[in-house]
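Q: Here is a structure to read through. Let us take its terms one by one and test each against its definition.

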Amino acid sequence: MQIRIIKPGMLSTLQDRGRYGYLSQAVPISGCMDGLSARLANLAVGNEDNAAVIEFTYANAEFIAETDILVAYAGDGATLSLAIGDIPAERPVFIPAGTNIKLNNSLLGSRTYLSIAGGWDVPEVLGSRSTYLTAAIGGLQGRQLKAGDILNSMDRLTPIAENILDSLKDDGPNYTNWSLARQLLLPADKKTIRVVLANEAGWFENKSITDFLTTPYTLSLRSNRMGYQLDGAMINRIISDELLSTAVTPGTLQVTGSGSLVLLMADCQTTGGYPRIAQVAAVDLPLCGQLKPGDSIYFKEISRSDAEMLYIEREKQLAKLANAVSKRY
């Protein structure tokens, strides 16, 4: 299966679940900013969980199916459309060769994930196909997609993907009457991000901790895949010690020397010297991955055990969905 990029949009890269095992060599995890949407897009076409997907940031992108393709998309950054109308999300879609597909802007979020049966065929670098632009590794030659790029699927499909393709193949576009209902896996309040207070939370004034947990913070324009600069109440310190560079990870909330907040994201560095006030619960990182400049969020404290249980419950829900797709095909 093959597509050709006509318009790449603002920032489109190939990503998977990330590059693990190399933090000690200062290699970031990278991977999808909204891992939940990416996993659902893969699940919809019968792929393995870690198959490479295209991460589109916002919309204004377009590609053409050079061959018959079986794809799915998930995420809030765009809707996909053909000449005959919009393509529904979170379900497998058969698209015949020669069809143009456009990504149209959505106000709901910032990122959309496109899977293809078999996964996108790019080389693994350090065990991952994820693009890390700063080091120019992974993905398609370590760079973002551009007009004219040709992308192919992997040659081998899973048995589930083969069966989905056989059930949908037609002369025109075709898709299932079921979807994976991503919204049911997300909290109703998508602007409240649950956090666990971190090691240096005691370095800050009580009032600053209260402000952190009760007042809104807004994403500034100084935000990217490495991290988000947040505008809001300043965080004042009561301990002025300097912190030796220590471990950070996607979801770590740091307090800069000026008292502002930085939320680290997928391409973040592996160590940092700013004190850590909190860590976003892993179950809410997909919500953070859909934020865009101007969005305001609140932080809510939960316990470490609650964060673990929420993550385990999400994984159980995903396993049930995978089982349902498997039984159907």
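Q: In S3, which residue is the bridge partner of leucine 14?
A: Leucine 14 has isoleucine 54 as its bridge partner in S3. This is a predicted model, where local features need pLDDT of at least 70, side-chain atom pairs count only at pLDDT 80 or more, and totals for chains, interfaces and linings use all residues. Residues are numbered from 1 along each chain as its sequence is written, and side-chain values use heavy atoms, with hydrogens and water left out.

Q: What makes S2 and strand S3 (residues 53-57) a pair?
A: Two strands pair if DSSP finds at least two bridges between them. S2 and S3 have five bridges, in the antiparallel sense. Strands here are DSSP runs (E, at least two residues), as helices are (H or I, at least four), numbered from the N terminus.

Q: Why are strand S2 (11-15) and strand S12 (174-175) said to stand at the edges?
A: The open sheet has six strands in the order S2-S3-S10-S5-S8-S12, with antiparallel pairing. S2 and S12 each have a single partner strand, so one side of each is left without a neighbour in the sheet.

Q: What does H1 lie across?
A: H1 lies across S3, strand S5 (69-75) and strand S10 (111-116). H1 runs at about 155° to S5. Axes are lines fitted to C-alpha atoms, for helices over the stretch in contact (heavy atoms within 4.5 Å). Angles run from 0 to 180 degrees between N-to-C directions.

Q: Why is H1 called mostly covered?
A: Buried means under 20% relative accessible area, exposed over 50%, partly exposed in between (1.4 Å probe, protein chains only). Nine of the 10 residues of H1 are buried. Among them are Leu36, Arg39 and Leu43. The cover includes S3, S5, S10, H2, helix H4 (285-289) and helix H5 (304-328).

Q: What makes a nonpolar core, and how many residues has the largest?
A: A nonpolar core is a set of buried Ala, Val, Leu, Ile, Met, Phe, Trp, Tyr and Cys residues joined through side-chain atoms within 4.5 Å. The largest has 53 residues. Its largest share, five residues, comes from helix H1 (residues 35-44).
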